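Student: Please take a close look at the aromatic rings in this model. Which rings pair, and how are they placed?

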Amino acid sequence: MDTDNGNDSPSSPPLSDWLEALITTIGDCLTAHSPMGPLGWYAFEEEGMTELIIFPKTVLFVGGEMDGELGVPGFSFDVQTLLKAFERVDAVQWNSQGMGPHDEDGAHFSIEGIFQGHEVWVRILAEAPEDEEPGMEIDASDSEW
């Protein structure tokens with residue numbers, strides 16, 4: 001699964017080998033049910049913990065009746081494979097929606113633990129944040145997509 005870092009945050013750690021491995025592992029756990037472009041992600045480091053937010057980017061339909069519309073890629077996620085990639089798992093949660101006015105994540109799966117010796121909190125969002133650019137375009141005038 002391709003990834004696309006849209007993070008311009010100065011607090012973002014550089015893309016180290018272990019973080020790239022984590023992003024790749026998450027991408028390998030995703031099975032797309034509709035056209036899906038690259039994964040978007042943001043990473044922040046605070047007090048020795050890396051927070052990773054990862055999501056499928058939207059698809060922009062170009063041409064045809066759906067011209068200009070955005071599609072949200074559907075996917076399945078292999079939780080067991082991701083859990084096995086961690087040395088230690090401290091918490092696993094599924095949130096069906098945001099948990100209040102300050103939680104903009106929407107539906108997401110989260111895991112906290114140790115990955116390749118690094119303390120992480122990962123959130124895998126069901127949908128990209130609203131301000132994210134589409135990850136790919138599909139010619140909607142072509143019935144083959």
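Tutor: What follows concerns the aromatic contacts. This is a predicted model, in which local features need pLDDT of at least 70 and side-chain atom pairs count only at pLDDT 80 or more, while totals for chains, interfaces and linings use all residues. Residues are numbered from 1 along each chain as its sequence is written, and side-chain values use heavy atoms, with hydrogens and water left out.

Rings of Phe, Tyr and Trp (its six-membered ring) pair if their centres lie within 6.5 Å; planes under 30 degrees apart count as stacked, over 60 as edge-to-face and the rest as tilted. By this rule there are three aromatic pairs. One of them joins Y42 and F55, which is tilted because the ring centres are 5.6 Å apart and the planes stand at 35°. This pair links distant parts of the chain, 13 residues apart: Y42 belongs to strand β3 (residues 39–46) and F55 to strand β4 (residues 49–56). Strands here are DSSP runs of E with at least two residues, and helices are runs of H or I with at least four, numbered from the N terminus.

Burial means under 20% relative accessible area (1.4 Å probe, protein chains only). Y42 counts as buried because its relative accessibility is 17%, and F55 counts as buried at 1%.

F86 and F115 form an edge-to-face pair, 5.6 Å centre to centre with 65° between the planes. Here F86 lies in the loop between α2 (79–85) and β8 (88–95), whereas F115 lies in strand β9 (residues 108–115), 29 residues apart. Both F86 and F115 are buried.

Key. Buried < 20%, exposed > 50% of the residue type's maximum accessible area, 1.4 Å probe, protein only.
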